[in-house]
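Please open the model in a viewer and keep the sequence at hand.

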Amino acid sequence: MTSARRILIDANTTPFYHVINRCVRRAFLCGEDKLSGRSYEHRRGWIVDKIKALSAIFCIDICAYAVMSNHYHLVLKIDIEKAKSLTQKDIISRWCQITKGHAIATKYMNGDALIDGERMLLDALIVEWHERLSSISWFMRCLNEEIARKANREDECKGAFWEGRFKSQALLDEQALLACMMYVDLNPIRAGIADSLQSSDFTSIQERLNALSSNSVTPLSTQPPVDNTQPLPHKPLVKFDGATHLHQQTGIPFHFADYLELIDWTGRAIRHDKKGFIDNQRPKLLNELGIASDAWLLSAKEFRRQYSGISGRWDAMCAFKHKQGGKWCRGKSHSQALHPEQTNGLTLH
């Protein structure tokens with residue numbers, strides 16, 4: 001039985017989540033339909049532009065993304081402190097950028113006096129909208145509905161565009177976040193459609209690399225939409241701040257130079273055409289976290305398969321499932337997978 005998103009996503013336990021959604025049609029989300037010869041590559045830009053625009057409205061940051069031919073991956077961070085800092089007018093202004101809002105809210109924003117009943121209604125609306133602005137479920141709903149409508153108009157058809165509701169994974173510690181971001185950024189290389197990080201189109205690592213070069217042109221993944229509508233403001237990717245603990249920082253708890261070293265090392269190692277991999281040149285992050293090279297490379301290839309709805313140390317996984325009322329979870333703990341010397345059971349009781 002599937003679980004409600006309010007159970008699977010708990011910002012107080014961890015702000016970091018990996019989400020995946022897949023297209024239901026043979027004609028692909030993006031890519032090229034070999035039967036008809038029609039290209040859908042431009043839809044990748046739709047998705048990247050939309051997640052950036054929604055991130056500027058919601059209290060949700062983008063850590064990593066990869067838009068593939070029939071699915072996409074996101075690593076999201078719920079910005080709890082930003083959500084707490086929003087004023088009533090901030091909440092109304094943000095929510096009205098994605099919906100029509102409410103006549104009472106418009107009246108309040110215009111400075112008109114409200115009677116007691118209107119004030120009570122407005123207070124209830126603000127509480128509801130405030131909660132939604134830090135909800136990954138609402139973020140994904142706004143993203144998927146927009147893309148589905150545009151794709152249906154372009155295809156001149158009706159019906160479901162997505163295979164089902166999005167799937168999510170809670171990332172409970174630094175190792176889980178690192179492994180998941182690496183897994184997402186390396187999707188094109190792992191799938192054999194790119195041979196380098198720089199050529200991995202519509203990924204966050206390509207965007208970050210392009211941003212490093214002062215002479216770089218606008219990367220493919222951030223080009224304006226193909227239509228002529230005015231694009232919404234875009235929010236940049238979450239920065240690497242190098243903090244030592246997942247819950248003691250405002251960004252990603254690693255230094256970007258270390259992340260870049262590790263992802264380059266990992267990308268070369270998982271490519272079948274790369275020979276001469278030297279184990280004693282292990283990246284700094286693997287040494288600092290005490291992760292075995294073979295276990296790390298397996299995680300980079302099969303992160304989604306190894307870990308189901310949760311990824312983290314065994315004690316953190318147990319605490320998360322106990323808090324949510326669950327009795328079991330599928331897959332290994334992250335510490336067990338990346339540290340083979342540790343042995344843990346697979347069932348939480």
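Begin by selecting Tyr 259, which has a relative accessible area of 0% and is therefore buried. The model on display is a predicted one.

**The ring beside Tyr 259**

Phe 240 and Tyr 259 form an aromatic pair with 5.0 Å from centre to centre and 45 degrees between the planes, a tilted arrangement. Because Phe 240 lies in the loop between helix H10 (204–212) and H11 while Tyr 259 belongs to helix H11, the pair ties together parts that are 19 residues apart in sequence. Phe 240 has a relative accessibility of 15% and so counts as buried.

**Helices H8 and H11**

Next, select residues 174–185, which form helix H8, and residues 256–269, which form helix H11. The two helices pack at an angle of about 55 degrees, and their axes are 11 Å apart. H8 is therefore oblique to H11. The crossing in which H8 passes H11 is right-handed.

Which residues of H8 meet H11? They are Leu 178, Met 181, Met 182 and Asp 185, and on the side of H11 they meet Tyr 259, Leu 262, Ile 263 and Thr 266. By type, the residues of this contact between H8 and H11 comprise six nonpolar, one polar and one charged.

Select Lys 284, located in helix H12 (residues 284–289). Its relative accessible area is 41%, so Lys 284 is partly exposed. Leaving aside residues up to four places away in sequence, Lys 284 touches Asp 258 and Glu 261. The C-alpha atoms of Lys 284 and Glu 261 are 7.9 Å apart in space, and the two residues are 23 residues apart in sequence.

**His 73 in strand S3**

Move to His 73, a residue of strand S3 (residues 71–78). Is His 73 buried or exposed? It counts as buried, because its relative accessibility is 3%. Residues up to four places away in sequence aside, His 73 touches His 18, Val 19, Ile 20, Ala 64, Tyr 65, Ala 66, Tyr 183, Val 184 and Asn 187.

Select Phe 58 and Phe 139. Their ring centres are 5.6 Å apart and their planes stand at 75 degrees, so this pair is edge-to-face. The pair links distant parts of the chain: Phe 58 is in the loop between helix H2 (42–57) and strand S2 (60–67), whereas Phe 139 is in helix H7 (residues 136–155), 81 residues apart. Phe 58 and Phe 139 are both buried.

Then select Tyr 72, Phe 161 and Trp 162, which ring pairs link into a cluster. With ring centres required to lie within 6.5 Å, the count of aromatic pairs comes to nine.

**Helices H4 and H6**

Select residues 88–95 for helix H4 and residues 116–132 for helix H6. Their axes come within 10 Å and cross at roughly 70 degrees. H4 is therefore roughly perpendicular to H6. H4 passes H6 in a left-handed crossing.

**Two backbone angles**

Most residues other than glycine have a negative phi. Select Glu 156, where phi is positive, near 55 degrees. Glu 156 is placed in the loop between H7 and strand S4 (167–171), and its relative accessibility of 73% means that it counts as exposed.

Phe 202 also has a positive phi, near 60 degrees. Phe 202 is found in the loop between helix H9 (187–190) and H10. Its relative accessible area is 10%, so Phe 202 is buried.

**The whole chain**

Finally, return to a view of the entire chain. Its secondary structure comes to 15 helices and five strands. Of the 349 residues in the chain, 50% are buried. Among contacts between residues at least 6 apart in sequence, 68% join residues at least 24 apart.

Note on methods
Residues numbered from 1 in each chain as written. Predicted model: local features only at pLDDT ≥ 70, side-chain atom pairs only at ≥ 80, totals over all residues. Heavy atoms only, no water. Axes fitted to C-alpha atoms, helices over the stretch in contact; angles between N-to-C directions. Helix = DSSP H or I, 4+ residues; strand = E, 2+ residues; numbered from the N terminus. Parallel < 35°, antiparallel > 145°, perpendicular 65-115°, else oblique. Left-handed = near helix turned anticlockwise from the far one by under 90°. Contact = heavy atoms within 4.5 Å. Nonpolar A, V, L, I, M, F, W, Y, C, P; charged D, E, K, R; others polar. Phe/Tyr/Trp six-rings, centres within 6.5 Å; stacked < 30°, edge-to-face > 60°. Buried < 20%, exposed > 50% of the residue type's maximum accessible area, 1.4 Å probe, protein only.
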